[in-house]
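The sequence and structure are shown first.

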Amino acid sequence: MKFLEVENLSYALGDFKLNNINFSVNQGEYFVLLGQSGSGKTLLLESIAGFNGVKGKINFGGVDISKLSPEHRDVGFVYQDFALFPNLSVRDNITFSSKYKKIENREESLKDLAEFLGLKSLLDRRINNLSGGEKQRVAIARALFSKPKILLLDEPLSAIDPTFRNSIMKFLKEMHRKYNLTTIHVTHNFREASYLADRIAIVMNGEVKQVGTAEDVLNNPLNIEVAEFLGFKNILPVKILDEKGNGQFSVDPNAIHLSKEKLVCDYVYEGKLEECMGIIDHFKIYISVGDIQFFAKILKREYQGCYANRGENIFIGFDKKDVSYL
Amino acid sequence: MKNWFIYLLSSLAIVILLFLSIPLLQMIFGSDINVLLDTLKQKDVRDSIWLTMRVSFMAMCFVLLTGLPLAYIISRHNFFGKSLVEALIDIPIMIPHTAAGIALLMVFGRGPVADFFESFGIKFVDAEPGIMIAMMFLSATYLINGAKEGFNKVDIKLEKVARTLGANPLQVFLKISIPNAKKDIINGCMMMWGRGLAEFGAVVIIVYHPMVAPVLIYDRFTSYGLAHSAPVAAIMIILSIFIFLSVRFINNRLN
């Protein structure tokens, strides 16, 4: 069921423009907006929250909210740097919304959130005395306490020590399930997106380039632009697969087999080994086949070495199942 | 020898500190305490000090009410003519105070603006409102700029989040923006109030009587000499220092 529908949303900020954005989020879904810094994903999230006067429609449960002010949209917002109110204690930060809107079971909600988020002992502390992780939990508690219909998270893990990211990702997923939330999470990190997302929208240069399930988007990019952004390697013309057309395909460097002997694969080429670099646990190997250069990754635990010396001939091969058409 | 740079800086800093403090210390400690107490017993001195404190405080309150919104608008919005508005706020501190007094006298002493206020029974020449506008005109800059700096330091994301939590723009302004800019706003208020207490040039053009303390000091100096004006000056300096140290202490405690 479509819970939030963004239709033809446009917004200009100086030279930058969100251009004709369309996507929808289902109820109970963990939806990730994935894009590089400066791609417009935070601006898009802020537009959904109502901070920008946008063109187009934002339907929320079937009602157009694009003209409503932020205080009437029922969204919870957690910024990258948490944006806690320094003039208030942890408790007053969390319960801030209860001064302005009716919160049912106020005390129970506070107790439940404080318990779930491990904030019980911090409720009377000042904000300035908290660690980064504690601040993040307070910001999340503050957003959840207001009982939002949708939770908007802006790069919530980027200000967190990398050591704790995995546990926080796990926690975000648990929280999403426990409170039956609909969440939009903005990030530039593929790992975060692939772990958390039910569905992903790729945002580039102020446009949504692709929307789909996490598996689909991360494995089958619609075009070269998205493929390059997602870190796809070996983006090559389909002609070399003996197929017609001017399209391109990509093959995962991990799916390429190498051998001095002829290989048994759907596609096999003979080329020249250009470079072989030993990295911690794998080798990066570059092979040129005519004008085309392939890049392969061989795990050290699978094979110790580069198969051939630089300049020597080598066979490379891969199967149809590993080909992604762009 | 490796601290020579610190010694150089300290030596130069001491020169300016001595320059700033010696006249004040001379006024405070060079005065006979009995003379100061006798001066304080004089009604015209007490009235004049009270008038100065009170009117300067009222001027500060008026600018707090009108200048805070202006400071917030400048801090949060870009608009056509913003630089002009900012220049307009800064200009009064650059022009001679007597010239400012003449300009105010031309507007509030005669003509349609004066007539308009007079229809409500408000007179500016030789009246308290005249003192107030002179103080306001020449010291509002300190409060407005102080508040603007304070608002600039408040992350706009705090205000955005507060909106998502149900607060309307006025509630955000009152509960988030002002409390988090409080230190700079209070400092701006103190600066304005202090500057108002010291205002002489513009006030003396518009209002000679009732006399504010700086006018009384000038009047006694020209009429009776240093011996009669110095104790009043010393009392004003002691009172001002006491009040500002107290407010700054409270402000630091609050933060």
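## Helix packing

In chain B, the axes of helix α3 (residues 43–76) and helix α10 (residues 182–197) come within 9 Å and cross at roughly 140°. The model is predicted: local features need pLDDT of at least 70 and side-chain atom pairs count only at pLDDT 80 or more, while totals for chains, interfaces and linings use all residues. Residues are numbered from 1 along each chain as its sequence is written, and chains are lettered from A and ligands numbered from 1 in the order in which they are written.

Helices (H or I, at least four residues) and strands (E, at least two) are DSSP runs, numbered from the N terminus. Axes are lines fitted to C-alpha atoms, for helices over the stretch in contact, and angles run from 0 to 180 degrees between N-to-C directions. Angles under 35 degrees count as roughly parallel, over 145 as roughly antiparallel, 65 to 115 as roughly perpendicular and the rest as oblique. The helices α3(B) and α10(B) are therefore oblique to each other.

A second pair, α3(A) and α4(A), is therefore described as roughly antiparallel. The table sets out both pairs.

| Helix pair | Angle | Axis distance |
|---|---|---|
| α3(B) and α10(B) | roughly 140° | within 9 Å |
| α3(A) (residues 106–116) and α4(A) (residues 132–145) | about 150° | 10 Å |

Which residues of α3(A) meet α4(A)? They are S109(A), L110(A) and L113(A), which face A141(A), L144(A) and F145(A) in α4(A). Here, two residues are in contact if their C-beta atoms, placed from the backbone, lie within 7 Å. This contact divides into five nonpolar residues, one polar and no charged. In that count, Ala, Val, Leu, Ile, Met, Phe, Trp, Tyr, Cys and Pro are nonpolar, Asp, Glu, Lys and Arg are charged, and the others, Gly among them, are polar.

On the chain B side, residues of α3(B), including M53(B), F57(B) and L64(B), meet residues of α10(B), including M192(B) and W193(B). The contact of α3(B) with α10(B) holds 10 nonpolar residues, three polar and no charged.

## Sheets of chain A

Two strands pair if DSSP finds at least two bridges between them. An open sheet of six strands in chain A has the order β6-β7-β8-β3-β9-β10, with mixed pairing. At its edges stand β6 (75–78) and β10 (207–213) of chain A, each with a single partner strand, so one side of each has no neighbour in the sheet. On average, neighbouring strands of this sheet are turned by 15° against each other, direction ignored. Strand β9 (residues 199–204) of chain A runs antiparallel to β10(A), and six bridges join them. Within this pair, I200(A) has G212(A) in β10(A) as its bridge partner.

A further open sheet, of four strands, has the order β2-β1-β4-β5 in chain A, with antiparallel pairing. Two bridges join β4(A) (residues 55–60) to β5(A), where N59(A) stands opposite D64(A).

## Domains and chains

An automatic or database domain assignment gives the domain bounds: chain A is divided into domain 1 (2–229) and domain 2 (235–325). The C-alpha centres of these two domains of chain A lie 40 Å apart. Their contact takes five residues from domain 1 of chain A and four residues from domain 2 of chain A.

Between the chains, 17 residues of chain A are in contact with 16 residues of chain B. The edge strand β6(A) gives the most to the chain A side of this contact, with three residues. That side divides into 11 nonpolar, four polar and two charged residues.
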